[in-house]
Amino acid sequence: MSEIYTRMGDGSRVVTTRSKVIDDLNLGSADAADMGVIKALSSDLIEQLADIICDKNRVVGVEPGHEVVLTYDIGQLDFTGDNGNSGNGIDMGRLEAALLHERAMGADTFELAHADYSIKPVKPVISNEMQTMEEIQNEIVAPFFYGAMPNMGLYYKPDGPYGNPADLMREFKIEEAMDQAEKASEHMARDIEFVSTRIMSAGSDGFNFDTTGSAGDADVVGTFKGVEKLRKACPDADILLGMAGECVMGIHGSIEYDGKVVAGLFPHQQVKLAEKAGADVFGPVVNTNTGKSLAWNLGRAVTFVRECGKVAKIPIHVNMGMGVGGIPMCETAPIDAVTRCSKAMVEVAGVDGV
Amino acid sequence: MVENKKALYDAMVAYKVPGIQAAVEDARKAGMSPTEIIDALGDGMAEVGVLFERGKLFLPHVLSAAAGMKSAMEVLGPEMLKAGTKTENKVSVVMGTVEGDVHDIGKSICSTMLQCGGFDVHDLGRDVPKQDFINEVKGGCKMCGMSALMTTTMVIEKDVIQMLKDAKLRDSTIVMIGGAPATQAWCDKIGADIYGETASETTRKAKEINTR
């Protein structure tokens, strides 16, 4: 039996066999089915995924004509960032980065981002951001959004005014933790309205809410409410809403949106609430397990994302990058893994964009 | 009695403190011994851990269940002493997120699960200086649990293990590691004893290693 070179979830190179790849794909898919109470992938789809993983070529791609929308997040930071988790340490302005993404990297859409990439720090510099948005819109052809993480963690002490649930819960002050999370959530929704409506007035084509829910369920609810406000103020705004993880963390535990407890929702459930809030595009996320193989992670990720696409009424642009979408969690995601996972998401999960 | 056991288990899984207290009171009235009550609550707490891992329950729920357990122990502990029931000496564990790293939710969950599993947990919080782990071990902790969320901070775990060796404490200390970037391979590479992917796995392995 021929050897297959593949990866573990931490990016390390391993040698395996096709039958082991199929076993891991089935196990990963079964895990997603169990967690999300959804259907596991059929044997046909597992075989299709195995073909992709076992391809002898280092880089794989979709058939011509099957390409999907390619959107980059984090603005210029994937060039300028130099802190080890994103970027190449290449200094450049935001206009140059936008044009490079459009004209050299094949981006179908791109976004303007502040160095902190979070809603709250943009408030005091909103006028500068509006001016830059206008300047870049004069040059760029591709749809150009503003992008930021809701990042409700910045509203908790020591960064913000509200008590930190992580500290309060350690002291068993559970009700106080919930109360502070609710207040932070309302505050963040107001800030989202402030930032997003102003940036839209400067000519942005839309807004990308990136890593929604990074601070848990109240973060998700605050973002949904912020999206509602933006939708009401700017009916034509193109709103992308991407998640932070496959399962909404219950830091509050009981907070609801549209009568539904948000904690514990998986992508196929998250997308329905995103639609309700007014999002145009949903970005599901499935996390990578570093101790499992690429096949296990990809089988699992495709199972979740395929189900999400099935029930969604809006386009699905899956998050693909370090530690998500089946891609290993390591500082520079290996191209063999990135292309395999991306191809699988398009051809097997049926996503509309990456 | 069987009904009371089930009621205790169910109350723990429902994680509401008043419900747990009521179930404990009913069990006492029905004549269950403190040890039997604690065992039934412990089974419920283990299920809470499983549901937590499956994304069905969350940190506030786990902590609420733990608060219920604590409240039950406040009633049952003195009764056990009065009845002369032998209480096992608890194994002391120092827990902390390593220096330079402020991510401690996972570590806090692990500390709670270890506490509920019968360990005496000294949780030092986050961004813990290396020497503080060593000081706790010198102070009597038999186990040392370190968490890191980042690839840049996980290397500190290796330093602490070396410091334990330098202080001639490594052989008498069980070292546990965890956190998103950690793997069994990393655990083996740095010479730790336990890698826990989840809080309940860590607790199970900690119990196993202490019963060997």
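Trainee: Which residue forms a salt bridge with Arg300(A)?
Mentor: Asp31(A) does, and the closest N and O atoms are 2.7 Å apart. A salt bridge here is a side-chain nitrogen of Lys or Arg within 4 Å of a carboxyl oxygen of Asp or Glu.

Trainee: Which helices do Arg300(A) and Asp31(A) lie in?
Mentor: Arg300(A) is in helix H11 (residues 294-311) of chain A, and Asp31(A) is in helix H1 (residues 18-36) of chain A, so the pair ties together parts that are 269 residues apart in sequence. Helices (H or I, at least four residues) and strands (E, at least two) are DSSP runs, numbered from the N terminus.

Trainee: How many salt bridges does the structure hold over all chains?
Mentor: The count is 25.

Trainee: What should I know about the model itself?
Mentor: This is a predicted model: local features need pLDDT of at least 70, side-chain atom pairs count only at pLDDT 80 or more, and totals for chains, interfaces and linings use all residues. Residues are numbered from 1 along each chain as its sequence is written, chains are lettered from A and ligands numbered from 1 in the order in which they are written, and side-chain values use heavy atoms, with hydrogens and water left out.

Trainee: New topic. How many residues of chain B are in contact with chain A?
Mentor: 21 residues of chain B touch 25 residues of chain A. Contact means heavy atoms within 4.5 Å.

Trainee: And how much area do they bury between them?
Mentor: About 1800 Å², with 58% of it on carbon and sulfur atoms. Buried area is the accessible area (1.4 Å probe) that two parts lose on being put together, summed over both. On chain B's side, Arg54(B), Phe58(B) and Pro60(B) supply 29% of the area buried against chain A, more than any other three residues.

Trainee: How many salt bridges cross that interface?
Mentor: The rule finds one. Asp167(A) pairs with Arg126(B), the closest N and O atoms being 3.2 Å apart.

Trainee: Which elements of chain B give two or more residues to that side?
Mentor: Helix H4 (59-83) and helix H5 (105-116) of chain B. H4(B) gives the most, with seven residues.

Trainee: Now sheets. What is the strand order in chain B's open sheet?
Mentor: Five strands run E2-E1-E3-E4-E5, with parallel pairing. Two strands pair if DSSP finds at least two bridges between them. The edge strands are E2 (120-123) and E5 (194-195) of chain B, and each pairs on one side only.

Trainee: What packs on that sheet?
Mentor: H5(B) does, touching strand E1 (92-97), E2, E3 and E4 of chain B. The direction of H5(B) makes about 170° with that of E1(B). Axes are lines fitted to C-alpha atoms, for helices over the stretch in contact, and angles run from 0 to 180 degrees between N-to-C directions.

Trainee: What about chain A's five-stranded open sheet, what order is that?
Mentor: The order is E3-E4-E5-E6-E9, and the pairing is parallel. Its edge strands are E3 (110-112) and E9 (281-283) of chain A.

Trainee: Last one. Is the peptide bond from Lys157(A) to Pro158(A) cis or trans?
Mentor: Cis, with omega near 10°. Pro158(A) sits in the loop between E4 and helix H7 (165-170) of chain A. Most peptide bonds are trans.
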